[in-house]
Amino acid sequence: MDLFGMQAEAEQQRNAPLAARMRPQSLDELIGQEQIVGPGKLLRRAIETDRLTSLILYGPPGTGKTTIARVIAGSTKRTFRTLNAVTAGVADIRKVVDDAKDALSMYQQRTVLFVDEIHRFNKSQQDALLPHVEEGLIILIGATTENPFFEVNAALLSRSQIFQLNKHTEEDLIRMAKKALSVPGRGLGDYNVHAADDALQHLARYAEGDARRLYNALELSVLSTPPDAEGTIQVTLEVAAESIQRRIVRYDKNSDQHYDTTSALIKSIRGSDPDAGLYWLAKMIDAGEDPKFIGRRLIISASEDIGNADPRALQIALAAFQAVEVIGLPEGRLILAQAVTYLATAPKSNASYVGINRALQIIREGGSVDVPPHLRDAHYKGAAKLGHGQGYLYPHDFPGNFVEQQYLPDELRELTLYQPTRNGYEQVLSERLRHWRGERNGG
């Protein structure tokens with residue numbers, strides 16, 4: 001790099017946001033995520049010994065996924081490349097693969113590839129990576145805010161170690177803020193700043209575990225506040241509150257807000273309150289919840305809480321999920337609202353839910369039993385000679401497509417698992433079963 005290039009890079013660093021300037025350069029500078037990079041932890045040991053395998057860093061925004069990748073880049077003796085899944089295509093992946101082959105053949109160096117927002121890679125892009133990860137040419141480091149079990153190719157997942165990053169604690173964020181205020185050059189240490197404890201606590205609380213959000217608000221607090229008569233920039237609670245602005249609710253798999261609001265939505269549907277259902281849905285949408293996650297929860301609710309009382313509920317919930325997947329937000333809110341109000345006003349039954357759980361309990365406590373001979377498959381080779389299927393009565397050969405016949409083993413013949421309610425369509429099913437079960441029991 002020439003002199004002008006070095007000057008340009010230095011100028012870019014000076015003008016970068018505080019969050020970028022304060023990004024840790026080594027493992028010892030990391031704050032938080034002790035569960036995966038603390039002393040003696042697996043990922044830390046792998047970085048320190050430069051014995052990485054493919055891994056995926058999963059967690060909400062501002063929790064250090066890119067930071068850990070950059071620490072790895074500074075620690076490894078391997079060739080390190082980066083791609084952003086938003087802008088990269090298959091051609092970019094092929095270029096990385098070709099360069100990796102050259103690095104291996106000429107320098108005996110394997111390549112570490114960091115893919116930011118890997119959940120945005122489509123199937124063909126992920127498939128283009130797979131064989132090279134599988135053969136060890138490329139060590140993949142993926143970063144994602146989305147659940148990798150839903151968004152990442154199962155084959156890639158099976159070859160990767162998954163590390164989940166949690167939201168930063170308020171204590172971690174306060175430590176970051178104090179460090180930023182004390183470090184000159186990279187941080188805000190060149191300014192004469194006094195930050196009140198309650199101001200830092202407020203910034204940490206309403207940053208919602210997001211270090212980037214904390215740094216942005218802290219920098220705005222300092223740069224927008226004129227010094228007092230003594231030349232000190234006073235970051236008060238009022239200044240901090242103005243800088244952080246409205247609270248943006250973040251959800252992740254370990255967030256109480258995420259679990260509690262989801263619970264409130266489902267319980268409102270179960271309790272047949274469409275108004276409450278719409279309110280909690282709106283809160284989740286406004287907070288930036290993944291609409292596909294909401295759709296999945298509605299599908300579960302349609303079976304768990306409504307079931308056969310209104311079989312259309314499952315169809316509507318599934319259609320809503322598929323439609324939102326295609327349409328996205330903001331228009332997807334209309335589709336989700338339609339599904340929520342339909343489910344909330346549908347007749348309710350958890351009879352199927354109770355029945356399957358009871359069946360699983362019986363099997364787990366008493367073990368499974370053999371299929372009665374007359375119900376066994378008689379089509380595969382030699383099965384008929386073993387007596388499989390003999391004595392089976394084909395219901396379609398009988399009036400009403402029903403014939404009295406035992407479908408459970410003798411030791412379970414009196415077992416009743418599905419007990420439909422008298423709600424909605426299950427009233428019809430209840431009458432039908434009452435007749436059939438009477439016939440089956442000789443009534």
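Trainee: Is Arg 44 buried or exposed?

Mentor: This is a predicted model, and in it Arg 44 counts as buried, at 11% relative accessibility. The cut-off for buried is under 20% relative accessible area.

Trainee: Which residue does the side chain of Arg 44 meet in a salt bridge?

Mentor: First the general idea. Side chains of opposite charge can pair when their charged atoms come close. Here Arg 44 meets Glu 48 in a salt bridge, at 3.1 Å from N to O. Both residues lie in helix 4 (residues 42-48), four residues apart, about one turn of the helix. Glu 48 counts as exposed, at 52% relative accessibility. Asp 28 is linked with Arg 44 and Glu 48 in a network of salt bridges.

Trainee: How many salt bridges are there by this rule?

Mentor: The count comes to 18. One of them is formed by Arg 21 and Glu 219, whose closest N and O atoms are 3.2 Å apart. Arg 21 lies in helix 2 (residues 18-21) and Glu 219 in helix 12 (residues 211-223), so this pair ties together parts 198 residues apart in sequence. Arg 21 is buried, with a relative accessible area of 9%, and Glu 219 is buried, with 14%.

Trainee: What is the strand order of the open sheet?

Mentor: The order of its five strands is 2-3-4-1-5, with parallel pairing. Strand 2 (79-84) and strand 5 (161-164) are the edge strands, each pairing on one side only. From one strand to the next, the twist averages 15°.

Trainee: Which helix packs on the sheet?

Mentor: Helix 6 (residues 90-107) does, touching strand 2, strand 3 (111-116) and strand 4. The direction of helix 6 makes about 180° with that of strand 2.

Terms used
Residues are numbered from 1 along each chain as its sequence is written. This is a predicted model: local features need pLDDT of at least 70, side-chain atom pairs count only at pLDDT 80 or more; totals for chains, interfaces and linings use all residues. Side-chain values use heavy atoms; hydrogens and water are left out. Two strands pair if DSSP finds at least two bridges between them. Helices (H or I, at least four residues) and strands (E, at least two) are DSSP runs, numbered from the N terminus. Axes are lines fitted to C-alpha atoms, for helices over the stretch in contact, and angles run from 0 to 180 degrees between N-to-C directions. Contact means heavy atoms within 4.5 Å. A salt bridge is a side-chain nitrogen of Lys or Arg within 4 Å of a carboxyl oxygen of Asp or Glu. Buried means under 20% relative accessible area, exposed over 50%, partly exposed in between (1.4 Å probe, protein chains only).
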